[in-house]
Amino acid sequence: MPVDIAAGTVDLPLTYDRAERADAVMILAHGAGAGPEHPFLGGFAHAGAAAGIDVVRFPFPSVVAGRRLPGAAGDAIASWAAVFRAIADAHAGVPIVAAGKSYGGRMASMAAASGAIDPELLVYLGYPLHAPGRPDRPRAAHLPEVTSPQLFVSGTRDPFVDPVTDLESVVAGCADAELLWVEGARHSFEVAGRKRDAEEVGGAVAELVAPWCHRRLSQ
């Protein structure tokens, strides 16, 4: 999937997990610390496909270039726009859900707020409301501008949303948004005292998200 960014054209490989009988396509973006092959995203994608949603993963240009840190937000938004257009063209008439882990979800929200993408639904897996310990610098001013229904899935012990009341206030200020808490979970949805690998954790989160997607798409 070619995308034009500030440094030129970059090819982004797409990874599909196909449902037997899909009634939606979810585009799933990764977080800042790992690419689309991360076991959490793999487990989420497999479980999403098993629940009747095609899942497409893609890397941001910084990952393709081998860099550990995210690139410019403009490059990430351009990537979201290019992948969204390609999937919409390939799946005409099928609802599209834009989803992302942490940074990937925040970039999806910025793309939607700016009109670069127009998904039926948006799903944020651990929305990074602020850097840990910096609730005074929230990353939420654009969220009320998103018109698509939004689902925020977050752990109650996630340092990126501590205090949790801040995220509750942000969600309440959006036009159509819901908040799903995972009790005791941190930013990657790991829960102290529960030994599960990242793939299993991702699958469990998808089992929470898929019913919400089906319900909202049927309304």
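This report describes a helix, the nonpolar cores and the pockets of one structure.

The model is predicted, so local features need pLDDT of at least 70 and side-chain atom pairs count only at pLDDT 80 or more, while totals for chains, interfaces and linings use all residues. Residues are numbered from 1 along each chain as its sequence is written, and side-chain values use heavy atoms, with hydrogens and water left out.

In helix α5 (residues 164-172), Leu167, Val170 and Val171 are the buried residues, where buried means under 20% relative accessible area and exposed over 50%, with a 1.4 Å probe and protein chains only. Because these residues cover an arc of only 95° around the axis, they lie on the same side of α5, whereas Ser169 and Ala172 are exposed on the other side. Helices (H or I, at least four residues) and strands (E, at least two) are DSSP runs, numbered from the N terminus.

A nonpolar core is a set of buried Ala, Val, Leu, Ile, Met, Phe, Trp, Tyr and Cys residues joined through side-chain atoms within 4.5 Å. The largest one has 40 residues, and those that touch the most other members are Ile27, Phe58, Phe60, Trp80, Leu143 and Phe152. Its largest share, 7 residues, comes from α3.

The table lists two pockets, each an open set of points on a 1 Å grid over the protein atoms alone, with protein on both sides within 12 Å along at least five of seven lines; lining residues have an atom within 4 Å of a point.

| Pocket | Volume |
|---|---|
| Largest pocket | About 400 Å³ |
| Second largest pocket | About 160 Å³ |

Volume here is the space filled by probe spheres set on the points, which are joined across faces, edges and corners.

Definitions and conventions
Arc of directions from axis to C-beta. 1 Å grid on protein atoms, 1.4 Å probe; cavity = no way out; pocket = protein on both sides within 12 Å on 5 of 7 lines; lining within 4 Å.
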